[in-house]
Amino acid sequence: MGCVPARPPEPGSAAPATLAPAPLKLSIGWGVTPISAAPSSVLWLAEDLGFYAREGLSVELILVQGTPNLIAGMRAGQVDVGLLTAYEAVLLNANKSMDLRMIGGSGAAGQANTFMVISRDGLANLNELRGKTFAIARLGSYDDSLARQFFRARGIEPSEIQFLALGDPNVRLQALLARQVDATLTSVSTWVTIRQQPGLKILSSFDELNNAVPSWPSGNVVTTQVQHDKAEQLTRFTRAVIQASRYFATHKQAWVDAMAARRTDMNPADLGELWDLFAHAWAVNGGQNLDDYTRGADLLYATSPDFAQVPRVSLNEWADASFTDAALRTVGVDTSMDAPGRTP
């Protein structure tokens, strides 16, 4: 018996609607509150300007207090993508605590950090920190290790300074303003929000730190479980972050306006000044130069006491460039900055 042809629609009847596929869900976490006025802000601003939605993603943005809580959220499966440094990605893999992979830059290109030493204005120079108090997040944290490396590079032994573990940046700044500590490390984006406060000064600029100490790469990190189970989401996410980074790299006012909506405590003029500082630091190609990653890991093993007793792990045990390379094969390589260092 032959097939019965489908009955055509009645004249004037509407054709059946085609339902759009439901967006794929992904959660993104950051251990800094509020979000930093830096290229890494793209993780949040990409949501505000619709870059995730255009990739068919439904993104949950999660701010938590501190990196340890962020890692706990990733371990519990509450956070899919966490903004971490190579310090966490390498160490947690090396000591077998978690299987993590850094899958791309979080909006920022290269390894240049934006941290500076700020102090009470009674200190004339870095040498006068000897015998004084210096606030850090915790022993062995990124800011602690970076500060110690910088002091050694400038001829000051860390044992000559009293380090106090006080936690989050806001707590450390409050202690500095209250004259409970003499100095601390903070980002330039935080500095612009407090620079009008009396009695503070920049003791060492971020250019001085970058010239003295190479910094570690940071980026978007996932567990190997998320890497496997949510590969399609991560592909779309990586492409969205690259596209958003390219947009903000060439549209200053768009970044200032979007950032001002997120950070109502910041002056738009200050945000414009920050964009100028970061103008060549956007991860327009995913911010995942593997030579930088290797140098960052070498630095960790050479200088951080936390790495003295853990085995060396290879690059492919903590980094995965496949999502970035797939995105670049789709959108092409931007030659203006953020050299990938390879052919995707």
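The structure is a predicted model, in which local features need pLDDT of at least 70, side-chain atom pairs count only at pLDDT 80 or more, and totals for chains, interfaces and linings use all residues. Residues are numbered from 1 along each chain as its sequence is written, and side-chain values use heavy atoms, with hydrogens and water left out. The protein chain holds 14 helices and ten strands; these are DSSP runs (helices H or I, at least four residues; strands E, at least two), numbered from the N terminus.

**Whole chain**

- The C-alpha trace of the protein chain spans about 95 × 45 × 40 Å along its principal axes.
- Of the 344 residues of the protein chain, 51% count as buried; buried means under 20% relative accessible area, exposed means over 50%, and partly exposed lies in between (1.4 Å probe, protein chains only).
- Among contacts in the protein chain with a separation of 6 or more, 79% are between residues 24 or more positions apart; contact means heavy atoms within 4.5 Å.

**Helices α10 and α14**

- The axes of α10 (residues 231-250) and α14 (residues 322-331) come within 9 Å and cross at roughly 60°. Axes are lines fitted to C-alpha atoms, for helices over the stretch in contact, and angles run from 0 to 180 degrees between N-to-C directions.
- α10 and α14 are therefore oblique to each other; angles under 35 degrees count as roughly parallel, over 145 as roughly antiparallel, 65 to 115 as roughly perpendicular and the rest as oblique.
- The crossing of these two helices, α10 and α14, is right-handed. A crossing is right-handed if the near helix is turned clockwise from the far one by less than a right angle, and left-handed if anticlockwise.
- On the α10 side, the contact involves Ala231, Leu234, Thr235, Thr238, Arg239, Ile242, Gln243 and Arg246, which meet Phe323, Thr324, Ala327, Leu328, Thr330 and Val331 in α14.
- By class, the contact of α10 with α14 has seven nonpolar, five polar and two charged residues; Ala, Val, Leu, Ile, Met, Phe, Trp, Tyr, Cys and Pro count as nonpolar, Asp, Glu, Lys and Arg as charged, and the others, Gly among them, as polar.
- Arg239 lies in α10 and counts as buried at 17% relative accessibility. Leaving aside neighbours within four places in sequence, Arg239 is in contact with Glu55, Ala327, Thr330 and Val331.

**Helix α11 and its neighbours**

- The axes of α10 and α11 come within 5 Å and cross at roughly 110°, and the two helices, α10 and α11, are therefore roughly perpendicular to each other.
- Tyr247, Phe248 and Thr250 in α10 meet Lys252, Ala254 and Trp255 in α11; this contact of α10 with α11 divides into four nonpolar residues, one polar and one charged.
- α11 (residues 252-262) and α12 (residues 268-277) have axes that come within 9 Å and cross at roughly 130°. α11 and α12 are therefore oblique to each other, and their crossing is right-handed.
- Lys252, Trp255, Val256, Met259 and Ala260 in α11 meet Pro268, Leu271, Gly272, Leu274, Trp275 and Asp276 in α12; by class, the contact of α11 with α12 has eight nonpolar, one polar and two charged residues.
- Ala254, Trp255, Val256, Ala258 and Met259 are buried in α11, and the cover of its buried residues includes α1 (42-48), α10 and α12.
- His251 sits in the loop between α10 and α11 and counts as partly exposed at 36% relative accessibility.

**Thr193**

- Thr193 lies in helix α7 (residues 188-194) and is partly exposed, with a relative accessible area of 34%.
- Not counting residues up to four places away in sequence, Thr193 touches Arg263 and Met266.
- The C-alpha atoms of Thr193 and Asn267, 74 residues apart in sequence, are 8.1 Å apart in space.

**Backbone geometry**

- The peptide bond from Thr33 to Pro34 is cis, with omega near -10°; Pro34 is in the loop between β1 (24-30) and α1.
- Lys96, not a glycine, has a positive phi of about 65°. Lys96 is in the loop between α4 (86-94) and β4 (100-104) and counts as exposed at 66% relative accessibility.
- Asp338, a residue other than glycine, has a positive phi near 55°. Asp338 is in the segment after α14 and counts as buried at 11% relative accessibility.
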